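Walk through this structure one feature at a time. Keep the model open beside the text.

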Amino acid sequence: MKLNNIKKTAICMSFLAAVGCTGNFDEINTNPNGFSNDQLKDDFNDIKKGFAPMFNNIQVLGDQLESQYQLQQNLNADIWSGYMATPTPFRGGSNNTTYDLIDGWNNAIWTNAYPTVMFNAYDIANKTKGKFDHFYALSLILKVEGMHRITDIFGPIIYSQYGKNAPIAYDSQEEVYNQMFSELDFAVDELTKRADAGEPFVFKDADLSGYEGNYTSWVKFANTLRLRLAMRIVKVKPALAKAQAEKAVAHKFGVFTAKKDAFKIVSPTFTNPIATISGSWLDIRMSADMESILKGYNDPRMPIYFDKSNQFAGQFKGIRTGIAIGGKGDRENFSGIGEVVRSKTIYLVTTAEAYFLRAEGALRGWNMGGDAKSLYEAGIQASFDQREASGIAKYLTDNTSLPVAYVDPVAAVNNSAPVNNITIAWDDAATNEVKLQRIITQKWIAGFPEGQEAWSDYRRTGYPKLFPVVVNNSGGKITTELGPRRINFTSNEVLNNKEGVATGVAKLGGPDNGGTRLWWDVNAPNF
């Protein structure tokens with residue numbers, strides 16, 4: 001772990017970031033080729049320059065910025081989702097993985113998002129709203145994609161008041177979601193109008209998604225993002241969830257249905273930071289949950305997702321999260337993350353996810369353009385297609401394979417019987433709860449390695465069932481049964497925007513710690 005490599009944004013005061021203090025302000029606002037401001041305005045370059053920092057900081061991408069991603073997501077959501085685990089006993093083993101949340105790590109989540117995603121969305125809006133609304137619409141979609149992750153981590157956040165002088169008040173998570181739905185409304189309407197008119201794709205040279213500025217593709221992305229957010233609120237606002245989900249699917253361009261539709265960052269130079277964190281630093285490995293489920297299912301995606309262990313020849317071996325670790329050398333040669341991260345394409349919203357969201361909606365009786373079974377199977381097919389895996393026909397009809405027990409060859413105290421006892425093949429006779437568990441389990445497999453979304457699904461549904469931690473150092477703030485529900489407001493914000501943080505705590509509905517549920521994380525049955 002390269003904690004001394006954190007860029008200046010990690011210490012820049014977030015409330016000042018709203019009005020111009022950013023650790024990479026020069027990168028964002030200075031053209032490296034030396035063009036004048038007037039020259040930059042040619043071909044909208046003064047607007048386009050703000051998009052790259054948004055693309056590249058939804059998840060931090062860049063040479064020697066892997067430590068930023070490690071703090072932004074890898075040492076929280078990637079682990080709490082059940083995807084990955086660490087062999088490294090950071091801070092003597094008392095850290096995020098054992099529920100002793102470290103402010104010095106978690107500050108990076110907030111202080112990365114505001115100077116990059118939010119600052120540039122704000123800047124682009126000031127330059128384009130009401131004048132060049134196609135650019136404004138595109139920035140709104142990226143803003144929602146980047147910042148819904150932040151509200152799904154902290155709860156109340158600075159959103160509608162961004163750009164105001166300190167103290168800056170927080171919006172409740174409900175207020176943030178409502179504004180995001182409205183922003184997606186504007187973006188979809190604006191870009192649909194331009195697609196229908198056959199307008200040229202002026203965004204093509206600034207588009208790092210692979211869409212090449214195509215308005216229809218961006219509308220499909222916005223609709224799929226709406227579908228994701230709609231499902232997130234299904235327990236707390238079921239009527240609104242249904243309305244938003246059906247609106248997304250019913251739109252003339254609809255949601256993702258083809259492999260090419262997926263929203264991804266296609267970088268000309270940067271690979272997924274997990275490749276370095278796992279392959280070079282040996283700080284992240286396969287999780288015990290992944291080993292139990294994928295090995296039990298004989299899942300063809302397993303060798304795509306993970307490398308075989310250097311310690312146990314020919315085997316895939318994961319680490320259980322939240323255990324006592326004597327030293328990094330005990331497990332650093334367990335299975336690392338595989339070819340799925342050794343690529344310059346980073347998937348953030350996939351076609352498989354869109355099908356699984358629709359499958360869940362159909363299960364709930366919503367109009368999703370298909371029945372739950374067909375959409376569930378289409379989701380698995382889409383994942384196999386995305387990862388170029390074979391054996392789909394056999395996999396879909398497998399009604400016997402189950403996750404297997406986990407065995408820790410270093411310390412038997414960490415052994416466990418399987419906890420996610422669900423098969424693969426669809427069963428029309430099963431209860432809705434079992435059907436939901438099946439949908440979310442396959443959605444979880446398909447979503448790897450994007451741990452942020454998987455952690456949100458786990459908090460919302462309780463699926464897939466994961467091995468509980470063995471060591472809980474939260475001091476009673478976070479239960480072993482439920483795990484972290486959020487991250488507390490950052491110490492930088494408490495120091496520099498204390499009155500603003502107080503407004504967030506007032507809207508949180510509980511103490512400012514990792515055990516308090518978010519607005520959409522309702523303690524209620526799934527059905």
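Gly198 follows helix 10 and has a positive phi, near 70 degrees. The model is a predicted one, so read every value here as computed from predicted coordinates.

Step back into helix 10 itself. Helix 10 runs over residues 173-196. It holds 24 residues. From first C-alpha to last, helix 10 reaches 34 Å. That is close to the 34 Å expected at 1.5 Å a residue.

Ala187 sits in helix 10. Is Ala187 buried or exposed? Its relative accessible area is 0%, so Ala187 is buried. Setting aside neighbours within four places in sequence, Ala187 contacts Ala137 and Ile141. For a sense of scale, take Asn298, which lies 111 residues from Ala187 along the chain. The C-alpha atoms of Ala187 and Asn298 are separated by 42 Å.

Now look at the loop that links helix 9 (133-154) to helix 10. Pro167 is in this loop. The peptide bond joining Ala166 and Pro167 is cis, with omega about 0 degrees. Most peptide bonds are trans, and most residues other than glycine have a negative phi. A cis bond also joins Tyr463 to Pro464. There omega is near -10 degrees. Pro464 belongs to the loop between helix 20 (451-461) and helix 21 (491-496).

Phe44 has a phi near 65 degrees, and Phe44 is a residue other than glycine. Where is Phe44 found? Phe44 is in the loop between helix 3 (37-41) and helix 4 (45-48). With a relative accessibility of 22%, Phe44 counts as partly exposed. Arg91 also has a positive phi, near 50 degrees. Its place is the loop between strand 1 (84-85) and helix 8.

Helix 8 covers residues 103-128, and Ala108 lies within it. Ala108 counts as buried because its relative accessibility is 2%. Which residues does Ala108 contact, leaving aside neighbours within four places in sequence? They are Gln68 and Leu71. Ala108 and Ala352 are 244 residues apart in sequence. In space, their C-alpha atoms are 30 Å apart.

Ala352 leads on to a helix pair, as it is one of the residues through which helix 16 touches helix 17. Two packed helices are described by the angle between their axes and the distance between the axes. Helix 16 spans residues 351-363, and helix 17 spans residues 372-387. Their axes come within 8 Å and cross at roughly 165 degrees. Helix 16 and helix 17 are therefore roughly antiparallel to each other. Their crossing is left-handed. From helix 16, the contact uses Thr351, Ala352, Tyr355, Phe356, Arg358, Ala359, Ala362 and Leu363. Helix 17 supplies Ala372, Leu375, Tyr376, Ala378, Gly379, Ile380, Ala382 and Ser383. What is the make-up of this contact by class? It has 12 nonpolar, three polar and one charged residues.

Turn to a second pair, helix 11 and helix 12. Helix 11 is residues 215-232, and helix 12 is residues 238-250. The axes of helix 11 and helix 12 come within 8 Å, with a crossing of roughly 160 degrees. That angle makes helix 11 roughly antiparallel to helix 12. The crossing is left-handed. Helix 11 contributes Asn223, Arg226, Leu227 and Ala230. These meet Ala241, Gln244, Ala245, Lys247, Ala248 and Val249 in helix 12. By class, the contact of helix 11 with helix 12 has six nonpolar, two polar and two charged residues.

Finish with helix 12. It has 13 residues, which should span 18 Å at 1.5 Å a residue. The end C-alpha atoms of helix 12 are 18 Å apart, in agreement. Which residues of helix 12 are buried? They are Ala241, Gln244, Ala245, Glu246, Ala248 and Val249. An α-helix has 3.6 residues a turn, so residues three or four places apart point the same way. What do the buried residues of helix 12 pack against? They pack against helix 10, helix 11 and helix 16.

Technical notes: Residues numbered from 1 in each chain as written. Predicted model: local features only at pLDDT ≥ 70, side-chain atom pairs only at ≥ 80, totals over all residues. Heavy atoms only, no water. Axes fitted to C-alpha atoms, helices over the stretch in contact; angles between N-to-C directions. Helix = DSSP H or I, 4+ residues; strand = E, 2+ residues; numbered from the N terminus. Parallel < 35°, antiparallel > 145°, perpendicular 65-115°, else oblique. Left-handed = near helix turned anticlockwise from the far one by under 90°. Contact = heavy atoms within 4.5 Å. Nonpolar A, V, L, I, M, F, W, Y, C, P; charged D, E, K, R; others polar. Expected span 1.5 Å × (residues − 1). Buried < 20%, exposed > 50% of the residue type's maximum accessible area, 1.4 Å probe, protein only.
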